[in-house]
Amino acid sequence: MPIPEQVACWNKAGLNRVARHIAPWLPGLGLIVHRGRRSGREYRTPVEVFQARDGFIVALTYGADTDWLRNIQAAGGGLLRTHGLTFQVSEPRVYHDEERAGIRPAERQMLRLLDVADFVHLTAVLRYIS
């Protein structure tokens, strides 16, 4: 796991509560909306997101063993809010990429420093919500 589990716990308890409100509007960030596999409860998780040709790439900064990823894999997808828009995402495909292809150069450098090379590709369709 690139970022220590203790940092993930701190973020989940504190930073994510703030980030949930601003992530859908900030460049390079997004909010994954998913349902718990067992509880059915709705969760909102801030993520680092990059646009891909047919959807989005999400950096797995805490590794592939995260609740949000397991939830969207079990459900076959979820929602992604980014750039002020909401997308229906599906077909989560986890992959490892040491080259970090498809990532902007500045973020590629940061992810390299953090030793993050795992990503999930999400196919996306714009969803209009009134």
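**Salt bridges and backbone angles in a predicted model**

Me: In this predicted model, how far apart are the closest N and O atoms of the salt bridge that Asp67 forms with Arg70?
Reply: Side chains of opposite charge can pair when their charged atoms come close. A salt bridge needs a nitrogen of Lys or Arg within 4 Å of a carboxyl oxygen of Asp or Glu. For Asp67 and Arg70, the closest N and O atoms are apart by 2.7 Å.

Me: Is Arg70 buried, partly exposed or exposed?
Reply: Buried means under 20% relative accessible area and exposed means over 50%, with partly exposed in between. Arg70 has 31% relative accessibility, so Arg70 counts as partly exposed.

Me: How many residues apart are Asp67 and Arg37?
Reply: The side chains of Asp67 and Arg37 meet in a salt bridge at 3.9 Å, N to O. The pair links distant parts of the chain: Asp67 is in helix H2, whereas Arg37 is in the loop between strand E1 and strand E2.

Me: What is the relative accessibility of Arg37?
Reply: Asp67 is partly exposed, at 35% relative accessibility. Arg37 also counts as partly exposed, and its relative accessibility is 34%.

Me: Which residues are linked with Arg37, Asp67 and Arg70 in a network of salt bridges?
Reply: Asp67 pairs with Arg37, and Asp67 also pairs with Arg70. The network of salt bridges holds these residues together with Asp65.

Me: How many salt bridges does a search of the whole structure find?
Reply: Asp67 and Arg70 form one of them. Another joins the side chains of Arg104 and Glu107, at 2.8 Å, N to O; Arg104 is partly exposed, with 38% relative accessibility. For the whole structure the search gives 6.

Me: What is the phi of Glu91?
Reply: Most residues other than glycine have a negative phi. Glu91 lies in strand E5, which covers residues 85–96, and is exposed, with a relative accessible area of 54%. Although Glu91 is not a glycine, its phi is positive, at about 50°.

Me: Is Arg100 buried or exposed?
Reply: Arg100 is not a glycine either, yet has a positive phi of about 60°. Arg100 sits in the loop between E5 and helix H3. The relative accessible area of Arg100 is 2%, and buried means under 20%. Arg100 is therefore buried.

How values were computed. Residues are numbered from 1 along each chain as its sequence is written. This is a predicted model: local features need pLDDT of at least 70, side-chain atom pairs count only at pLDDT 80 or more; totals for chains, interfaces and linings use all residues. Side-chain values use heavy atoms; hydrogens and water are left out. Helices (H or I, at least four residues) and strands (E, at least two) are DSSP runs, numbered from the N terminus. Buried means under 20% relative accessible area, exposed over 50%, partly exposed in between (1.4 Å probe, protein chains only).
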